[in-house]
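Reader: I'm new to this one, could you walk me through it?
Author: Gladly, and here it is to look at while we talk.

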Amino acid sequence: MILEIVKCEGKRPLAPRESHYTREFWSKLSTGEFTSTRCQVCRKLMFPPRQHCPMCWSKKTDWVSLSGKGKLYARTTVHAGPLMFQQHIPYSVGIIDLDEGVRLIASIIDGDEKIQNDEEVQLIVLAYDDGPLFAVRKIESD
Ligand SMILES: [Zn+2]
């Protein structure tokens, strides 16, 4: 599944550190694909992507594509944040449970209404001038 890509002006407020290993995640994210790794031995799906399995310590992992769909588990709104995020205050951050069974943290793009816990959300790609970030927003019902 290819995520919606939303163009954002300027540089990312906090650019992630890229390693030789994580470069694949960020490269695919820039094209709208959200990926992580799965253990070849015990099949544990993990996020963030890892070179070894946190359950059985196997170093045999495969890259897998995820749907980016999930539910909001919890949220908070930041009113006093670090300097690098001053222009975004107030901003919201949520804990997201993806349908595939991994939990992650992402910025929340609320749009016109505030997303509530247990509501369905979709990851989107924020395409800044210096690279991508990911965030979530509510899945619009038809
Ligand atoms: Zn494993």
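**Strands, turns and core**

Author: Strands here are DSSP runs of E with at least two residues, helices are runs of H or I with at least four residues, and both are numbered from the N terminus. Please keep in mind that this is a predicted model, in which local features need pLDDT of at least 70 and side-chain atom pairs count only at pLDDT 80 or more, while totals for chains, interfaces and linings use all residues. Residues are numbered from 1 along each chain as its sequence is written.

Reader: Ok, and which residue is the bridge partner of Thr37 in β3?
Author: That partner is Met46. β2 and β3 (residues 45–46) pair in the antiparallel sense over two bridges, and two strands count as paired if DSSP finds at least two bridges between them.

Reader: How many bridges join β2 to β4?
Author: Six bridges join β2 (residues 34–39) to β4 (residues 61–66), and these strands run antiparallel; Ser36, for instance, stands opposite Val64 in β4.

Reader: So what order do the strands of that open sheet come in?
Author: The order is β3-β2-β4, three strands in an open sheet with antiparallel pairing. Its edge strands are β3 and β4, each of which pairs on one side only.

Reader: What's in the turn of the β2 and β3 hairpin?
Author: Five residues lie between the two strands, and Arg43 in the turn has a positive phi of about 70°, although Arg43 is not a glycine.

Reader: Is Arg43 buried or exposed?
Author: Arg43 is exposed, with 11 other C-beta atoms within 10 Å. A residue is called buried if 20 or more other C-beta atoms lie within 10 Å of its own, exposed if 12 or fewer, and partly exposed in between, with C-beta atoms placed from the backbone.

Reader: Switching topic, where is the cis bond to Pro48?
Author: The bond runs from Phe47 to Pro48, with omega near 0°, and Pro48 is found in the loop between β3 and β4. Another cis peptide bond joins Ile89 and Pro90, where omega is about -5°.

Reader: And which residues touch the most other members of the largest nonpolar core?
Author: Ile96, Leu123 and Val136 do, out of 17 residues in that core, a nonpolar core being a set of buried Ala, Val, Leu, Ile, Met, Phe, Trp, Tyr and Cys residues joined through C-beta atoms within 7 Å. β8 gives the most to this core, with four residues.
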